[in-house]
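The following note sets out numbered remarks for a colleague who has the sequence and the coordinates at hand. Please read each remark beside the model.

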Amino acid sequence: MKKLLLIFTSVLLSNSVLNAQGAFDKKQVLAQMELANKYFMDKWPDTGKTIVTNKERPSNIWTRGVYYEGLMALHEIYPKEAYYKYAYDWSEFHKWGFNGGNTTRNADNYCAAQTYIDLYNLAPDANKLKNTKANINMLLNTPQNNDWSWIDAIQMGMPVFAKMGVLEKDNRYFEKMYDMYMFSRNQHGDHGLFNPKDGLWWRDADFDPPYKEPNGEDCYWSRGNGWVIAALAKVLTIIPENAPHREQYVKDLKAMAKALVPIQRADGFWNVSLHDPTNFGEKEASGTSLFVYGIAYGINSGILDKKTYLPVVEKAWKALTAESLHKDGFLGFLQSTGKEPKDGQPLTYDKIPDFEDYGLGCFLLAGSEIYKMK
């Protein structure tokens with residue numbers, strides 16, 4: 001009975017998401033984002049508290065970094081002092097630094113720099129970016145381009161280079177970002193991690209052919225592909241119109257969006273396994289949220305045709321707010337950490353994932369882009 005009541009309440013929250021003219025109800029979208037975010041901030045009042053799952057981890061790891069990306073997106077459309085302070089206190093606790101220090105090449109570790117740079121832009125202070133500049137300049141000035149060997153890393157790292165290029169007015173950051181992105185796209189594994197035939201990405205070299213799903217299709221993981229389209233959208237919001245290689249990112253975002261439309265579920269979600277609904281094909285909220293963010297950005301920027309893609313976004317956001325968002329702000333149907341469909345299973349409305357932060361970050365990114373729609 002309790003579960004039915006929660007679902008009914010969530011449906012009521014989502015029913016007014018579209019107004020009579022078919023446009024999104026901004027007040028309702030903002031209320032849904034605030035509800036989800038309040039649940040998390042209430043649960044984690046101490047921004048420096050370590051995260052304990054199978055082991056203890058500092059709170060500046062990638063999962064929390066993705067949450068703060070979403071929080072800063074919420075702050076951009078609704079600049080509430082409590083949101084700024086929550087992000088600032090987290091950054092201060094970690095001394096604006098990274099898990100792994102300033103010599104890390106792991107994009108998961110320097111994902112936090114996205115928020116550090118955003119906070120710097122709001123109130124410049126050289127100390128905020130001392131570690132970010134040291135770490136990213138090390139990457140900029142070393143020859144390796146193969147660091148992003150798994151597609152999640154594209155979202156964790158690529159926007160940092162984009163933000164630094166704008167901040168420093170230096171195209172070298174854009175060129176390095178492009179070189180690293182294209183190495184992942186075209187050279188990692190046997191064929192590169194992007195399959196232009198299907199418009200989707202293999203998660204890493206373990207999943208490119210001859211690896212197959214049980215139904216004989218290639219394995220395309222929902223959240224992994226979500227990370228890539230989100231990275232492309234975010235980078236395109238950051239870099240100037242005349243930035244080098246912008247057309248490559250536009251082309252790839254369009255290809256991914258086109259590939260995602262025919263495989264969206266009837267209920268608005270995307271499956272965990274994008275091309276094999278029989279292999280952990282359940283609805284999944286984090287990948288769906290990232291797809292909403294990327295496609296909504298494409299509509300807002302004029303890259304994607306609104307008539308074609310707006311119904312996709314509408315259906316997906318309604319699904320997220322009706323079937324994932326609980327009355328108290330908890331998000332269900334979130335896959336735990338992993339790298340493929342079988343990880344973190346099974347998914348249910350009530351299941352608590354191993355980390356609750358990154359799924360919320362994805363949801364806030366999606367909502368923020370929907371909020372900007374005209």
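1. The model under discussion is predicted. As background, most residues other than glycine have a negative phi.

2. Helix H8 itself covers residues 152-168. Its 17 residues should span 24 Å at 1.5 Å a residue, and the separation of 26 Å between the end C-alpha atoms agrees with that expectation. Of these 17 residues, 14 are buried, so H8 is largely enclosed by the rest of the structure.

3. Helix H8 packs against helix H9, which comprises residues 171-186. The two axes come within 8 Å and cross at roughly 160 degrees. Angles over 145 degrees count as roughly antiparallel, and H8 and H9 are therefore roughly antiparallel to each other. Their crossing is left-handed.

4. On the H8 side, the contact is made by Ile154, Met158, Phe161, Ala162, Met164, Gly165, Val166 and Glu168. H9 contributes Tyr173, Phe174, Lys176, Met177, Met180, Tyr181 and Ser184. By residue class, the contact of H8 with H9 divides into 11 nonpolar, two polar and two charged.

5. The axes of H13 and H14 come within 12 Å, crossing at roughly 135 degrees. H13 and H14 are therefore oblique to each other, and the crossing is left-handed.

6. In this second pair, Val313, Trp317, Leu320 and Thr321 of H13 meet Phe363, Ala366, Gly367 and Ile370 of H14. The residues of the contact of H13 with H14 comprise six nonpolar, two polar and no charged.

7. The loop between H13 and H14 deserves a separate look. Phenylalanine 333 is found in this loop and has a positive phi, near 60 degrees, although the residue is not glycine. With a relative accessible area of 12%, phenylalanine 333 is buried. The peptide bond leading from glutamine 345 to proline 346 is cis, with omega near -5 degrees.

8. Where else does a cis peptide bond occur, and which residues does it join? Proline 209 and proline 210 are joined in this way, with omega of about 20 degrees. Proline 210 belongs to the loop between strand S4 (200-201) and helix H10 (222-238). As background again, most peptide bonds are trans.

9. Is phenylalanine 280 buried, exposed or partly exposed? Its relative accessible area is 32%, so phenylalanine 280 is partly exposed. Phenylalanine 280 sits in the loop between strand S5 (270-271) and strand S6 (283-284). Its phi is near 50 degrees, again a positive value in a residue other than glycine.

10. Helix H11 may be checked for its length and burial. H11 takes in residues 246-260, and its 15 residues reach 21 Å from the first C-alpha to the last, close to the 21 Å expected at 1.5 Å a residue. Buried residues in H11 are Arg246, Gln248, Tyr249, Val250, Asp252, Leu253, Met256, Ala257, Ala259 and Leu260.

Methods
Residues are numbered from 1 along each chain as its sequence is written. This is a predicted model: local features need pLDDT of at least 70, side-chain atom pairs count only at pLDDT 80 or more; totals for chains, interfaces and linings use all residues. Side-chain values use heavy atoms; hydrogens and water are left out. Helices (H or I, at least four residues) and strands (E, at least two) are DSSP runs, numbered from the N terminus. Buried means under 20% relative accessible area, exposed over 50%, partly exposed in between (1.4 Å probe, protein chains only). Axes are lines fitted to C-alpha atoms, for helices over the stretch in contact, and angles run from 0 to 180 degrees between N-to-C directions. Angles under 35 degrees count as roughly parallel, over 145 as roughly antiparallel, 65 to 115 as roughly perpendicular and the rest as oblique. A crossing is left-handed if the near helix is turned anticlockwise from the far one by less than a right angle, and right-handed if clockwise. Contact means heavy atoms within 4.5 Å. Ala, Val, Leu, Ile, Met, Phe, Trp, Tyr, Cys and Pro count as nonpolar, Asp, Glu, Lys and Arg as charged, and the others, Gly among them, as polar. The expected span of a helix is 1.5 Å times one less than its number of residues.
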